[in-house]
Amino acid sequence: MPHQTPHELQTRLAAVFAARDRANMQPTIEAFLEVLAEHPDEPEVLYEVGGAYDTAGEEATAAGYYERAMAAGLSGDALRRCLLQYGSTLRNLGRLDDSLDVLERARGEFPESDSLKVWHATSLHEAGRNDAAFAIMLELVADRIRTDELLRYEAALRGNAAFLAGRDARH
């Protein structure tokens, strides 16, 4: 059975997150570290500490917390968010192969996640795999933008996405 973070602790984490100032993350980092001192093995706390460091631009520190959170049993939507942020962090650290591995794993576990598709495309683009990146974005457009104008071209969008994905696979 997946680990469940107690409701009271989730509420406390949400309050710290809601009070954050992206321009000055140090108070948020300190608040999350205080919670971590009380709950050192709690996966969701480890994840939130990582996220605070990530937002502060301290990706190398963030990566370690993300890894600890996953090793501690992070699950559910928090795991989806962690995998996305970890994959993005790895990309920012120049670890493109690792980033792609993490995001591909994440997409396998959460295939309906639009945010994972976008971040996967971003890492593919950074890795120079522009055909694959654009194919994902075309599929996302076809799946999510349901206007009469685009529906008229849905088959063409999907066909172009398949062509680009196939061209990427051949390289």
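Alanine 63 is found in helix α4 of a predicted model, in which local features need pLDDT of at least 70, side-chain atom pairs count only at pLDDT 80 or more, and totals for chains, interfaces and linings use all residues. Residues are numbered from 1 along each chain as its sequence is written, and side-chain values use heavy atoms, with hydrogens and water left out. Helices (H or I, at least four residues) and strands (E, at least two) are DSSP runs, numbered from the N terminus. Alanine 63 counts as buried because its relative accessibility is 4%; buried means under 20% relative accessible area, exposed over 50%, and partly exposed in between (1.4 Å probe, protein chains only). With residues up to four places away in sequence not counted, alanine 63 touches Tyr86, Thr89 and Leu93, where contact means heavy atoms within 4.5 Å. Glycine 50 is 13 residues from alanine 63 along the chain, and the C-alpha atoms of the two are separated by 6.7 Å.

The secondary structure of the protein chain consists of 10 helices and 0 strands. Of the 171 residues in the chain, 39% are buried. The C-alpha trace spans about 55 × 35 × 35 Å along its principal axes. Among contacts with a separation of 6 or more, 49% are between residues 24 or more positions apart.

Helix α1 covers residues 7-18, and its 12 residues should span 16 Å at 1.5 Å a residue, which agrees with the 16 Å between its end C-alpha atoms. The expected span is 1.5 Å times one less than the number of residues. Leu9, Leu13 and Val16 are buried in α1. Seen down the axis of α1, the buried residues fall within an arc of 60°, so they line one face of the helix; the arc is that of the directions from the helix axis to the C-beta atoms. These buried residues pack against α2 (26-38) and α3 (43-55). His7, Glu8 and Ala18 are exposed, on the face of α1 turned away from its buried side.

A nonpolar core is defined as a set of buried Ala, Val, Leu, Ile, Met, Phe, Trp, Tyr and Cys residues joined through side-chain atoms within 4.5 Å. The largest such core has 33 residues, of which Val45, Val49, Tyr66, Met70, Leu74, Leu83 and Tyr86 touch the most other members. At least two residues of this core are supplied by each of α1, α2, α3, α4 (59-71), α5 (76-92) and α6 (96-109). Helix α5 gives the most, with 7 residues. Methionine 70 is in contact with Leu79, Cys82, Leu83, Tyr86 and Arg105, leaving aside neighbours within four places in sequence.

Three further residues were examined individually. Leucine 84 is found in α5 and counts as buried at 11% relative accessibility. Apart from neighbours within four places in sequence, leucine 84 is in contact with Leu103, Ser115, Leu116 and Trp119. Proline 40 is 44 residues from leucine 84 in sequence and 23 Å from it in space, C-alpha to C-alpha. Serine 123 lies in helix α7 (residues 114-126) and, at 0% relative accessibility, counts as buried. Gly87, Arg91, Ser99, Leu100 and Leu103 are touched by serine 123, not counting residues up to four places away in sequence. Serine 75 lies in the loop between α4 and α5 and counts as partly exposed, at 23% relative accessibility. Its contacts, leaving aside neighbours within four places in sequence, are with Pro2 and His3.

Grid points are joined across faces, edges and corners, and a volume is the space filled by probe spheres set on the points. The largest pocket holds about 300 Å³ of space. It is lined by 19 residues, of which Phe17, Arg20, Tyr47, Glu48 and Gln85 are the closest to its centre. Helices α1, α2, α3 and α5 each supply at least two residues of the lining, and the largest share, 7 residues, comes from α3.

Technical notes:
On a 1 Å grid over the protein atoms alone, a cavity is a set of points where a 1.4 Å probe fits but cannot get out, and a pocket is an open set with protein on both sides within 12 Å along at least five of seven lines; lining residues have an atom within 4 Å of a point.
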